[in-house]
Amino acid sequence: MLESQQQHILRLIHSGGAQSRTDLAKQLGISKAAISQPVRKLLEQGILLETDSNVSGQGRPSVRLVLPDAQQFFIGVSLLDDAVGLLLVDINGIAYAFEQCPLSRDPNRLVESIGAHIPLLIAAAQITAEQVMSVGLALSGVVDSAGELCLKSTLLDWVDVPIAHMLSDYLAEHHQLALPVYLENDAKSLAIDEHVFGLAKEVNDFTLITLGDGIGSAHFIRGELYRGAHGGAGEIAHTTVEPNNLPCRCGKRGCLDTVSSVLAIREQALEAHLPADCVADLETLAASGDSAAVRILHRAGNALGLALANIIQINDPQLILIAHAQGGFQGLFATIVKQSMAANVLPSMVGKTEVKPLLFAPHCWPHAAASVAIYHYLYQ
Ligand SMILES: [Zn+2]
């Protein structure tokens with residue numbers, strides 16, 4: 001376990017890159033003498049590494065501190081696909097090994113399966129178990145603010161499952177691995193990943209939307225993940241965009257999910273007898289002038305744009321990231337979303353929030369889960 005000052009030092013280097021002792025002391029508001037002891041301890045443990053750098057090419061090289069690759073490792077476990085994905089990464093997010101195991105909805109069987117594969121993952125990366133700091137778990141559902149309990153997951157059919165403790169206890173009992181396990185919701189995991197390593201690294205106020213069969217969302221405010229009082233802050237999927245219209249799986253009517261999710265778009269295409277299995281197919285049809293395809297994309301895009309405009313009015317984020325599968329946010333749909341956003345925010349707010357698409361990359365979910373573990377190690 002890191003002391004709070006050590007954690008602060010690692011955080012500054014992780015977010016700002018290589019730093020000298022003088023830079024770090026200045027940012028921490030302490031003397032250069034006071035910083036030498038915590039830095040020495042981190043160097044002795046191999047958590048930090050000294051590098052000589054001479055940027056200007058003149059004068060004495062200054063010693064800077066970096067987080068070395070391949071020293072401390074974290075495991076990400078994703079419960080979001082048909083199979084469980086396990087990825088081992090280092091503190092800089094570089095991947096070293098990947099494993100898969102069957103996804104069971106029975107928590108005990110799932111824990112056994114994941115538990116059996118974690119030692120295989122460590123062996124595949126040719127590292128020691130002591131180099132692994134913690135495990136992050138990502139799933140679709142609502143997670144408590146401590147990152148321990150899955151309050152509800154429709155996909156897994158779970159209510160109040162203490163999956164993080166179950167896995168941690170199993171690893172200790174059956175594999176003699178003392179690893180903390182942190183649980184997080186899928187969109188929040190991806191937002192953490194983007195904040196720690198990706199497009200939102202320098203951004204303190206941003207929103208991330210995942211466009212899939214359902215619509216996920218997560219919000220960073222002042223550099224911190226915002227959950228609200230009960231963990232449901234900013235769940236735009238179930239904001240009402242068409243009052244009293246289609247019933248939603250949540251029990252309400254007219255939710256954004258019933259109009260703009262990939263599943264809803266596919267269902268509308270099916271009803272209109274369009275040969276479209278995905279949003280990209282509809283885009284192709286719309287581009288060739290099919291009026292039904294154009295109508296569906298307009299309806300879905302207008303509703304999503306309205307929901308995002310409301311997010312902008314409430315939170316005023318600097319950036320909105322829209323994560324999607326290939327073809328899920330481009331062409332007419334993306335254009336309509338942006339037009340609808342512009343039409344539904346105050347004129348003075350138009351164009352202030354940048355919108356960037358983000359493709360679901362291979363292994364993006366287990367990587368996001370590993371980032372949750374790294375985030376807890378560095379930031380919480
Ligand atoms: Zn709903």
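**View 1. Lys 201 in the loop between helix 6 and strand 12 (206-211).** Lys 201 lies in this loop, where helices (H or I, at least four residues) and strands (E, at least two) are DSSP runs numbered from the N terminus. The model is a predicted one, in which local features need pLDDT of at least 70 and side-chain atom pairs count only at pLDDT 80 or more, whereas totals for chains, interfaces and linings use all residues. Residues are numbered from 1 along each chain as its sequence is written, and side-chain values use heavy atoms, with hydrogens and water left out. With a relative accessibility of 32%, Lys 201 counts as partly exposed, given that buried means under 20% relative accessible area, exposed over 50% and partly exposed in between (1.4 Å probe, protein chains only). Once residues up to four places away in sequence are set aside, Lys 201 touches His 14, Ser 15, Glu 194, His 195 and Val 196, contact meaning heavy atoms within 4.5 Å. Lys 201 and Ile 336 are 135 residues apart along the chain, and 28 Å separate their C-alpha atoms.

**View 2. The crossing of helix 6 (residues 186-196) and helix 12 (residues 364-379).** The axes of the two helices come within 8 Å and cross at roughly 70°; these axes are lines fitted to C-alpha atoms, for helices over the stretch in contact, and angles run from 0 to 180 degrees between N-to-C directions. Helix 6 and helix 12 are therefore roughly perpendicular to each other, on a scale where angles under 35 degrees count as roughly parallel, over 145 as roughly antiparallel, 65 to 115 as roughly perpendicular and the rest as oblique. On the side of helix 6, the contact involves Asp 186, Ser 189, Leu 190, Ile 192, Asp 193 and Val 196. These residues meet Cys 364, Trp 365, His 367, Ala 368, Ala 369, Ser 371, Val 372, Ile 374 and Tyr 375 in helix 12. The residues of this contact divide into 10 nonpolar, 3 polar and 2 charged (Ala, Val, Leu, Ile, Met, Phe, Trp, Tyr, Cys and Pro count as nonpolar, Asp, Glu, Lys and Arg as charged, and the others, Gly among them, as polar).

View 3. Strand 4 (residues 73-78) pairs with strand 5 in the antiparallel sense over 6 bridges, two strands being taken to pair if DSSP finds at least two bridges between them. Strand 5 (residues 83-90) is mostly covered, as 7 of its 8 residues are buried. Towards strand 6 (residues 95-102), strand 5 again has an antiparallel pairing, here over 7 bridges, with Ala 83 opposite Pro 102 in strand 6.

**View 4. Strand 7 (residues 132-139) and Met 133 within it.** Strand 7 is mostly covered, with 7 of its 8 residues buried, but Met 133 is partly exposed, with a relative accessible area of 25%. Apart from neighbours within four places in sequence, Met 133 is in contact with Gln 72, Phe 73, Phe 74, Leu 179, Pro 180 and Tyr 377. The C-alpha atoms of Met 133 and Asp 90 are separated by 9.7 Å, although the two residues are 43 residues apart along the chain. Strand 7 pairs with strand 4 in the parallel sense over 6 bridges, and there Val 77 stands opposite Leu 137. Strand 7 also pairs in the parallel sense with strand 11 (residues 181-185), over 5 bridges, where Leu 139 stands opposite Asn 185.

**View 5. Two open sheets, with the strand orders 8-9-10 and 14-13-12-15-16.** The sheet of 3 strands, in the order 8-9-10, has antiparallel pairing. Strand 8 (142-143) and strand 10 (158-161) stand at its edges, each with a single partner strand, so one side of each is left without a neighbour in the sheet. Strand 8 and strand 9 (residues 150-153) pair over 2 bridges, and Val 142 has Lys 152 as its bridge partner in strand 9. The sheet of 5 strands has mixed pairing, and its edge strands, strand 14 (224-225) and strand 16 (354-359), each pair on one side only. Inside this order, strand 12 and strand 15 (residues 319-324) pair in the parallel sense over 6 bridges, with His 324 in strand 15 as the bridge partner of Leu 211.
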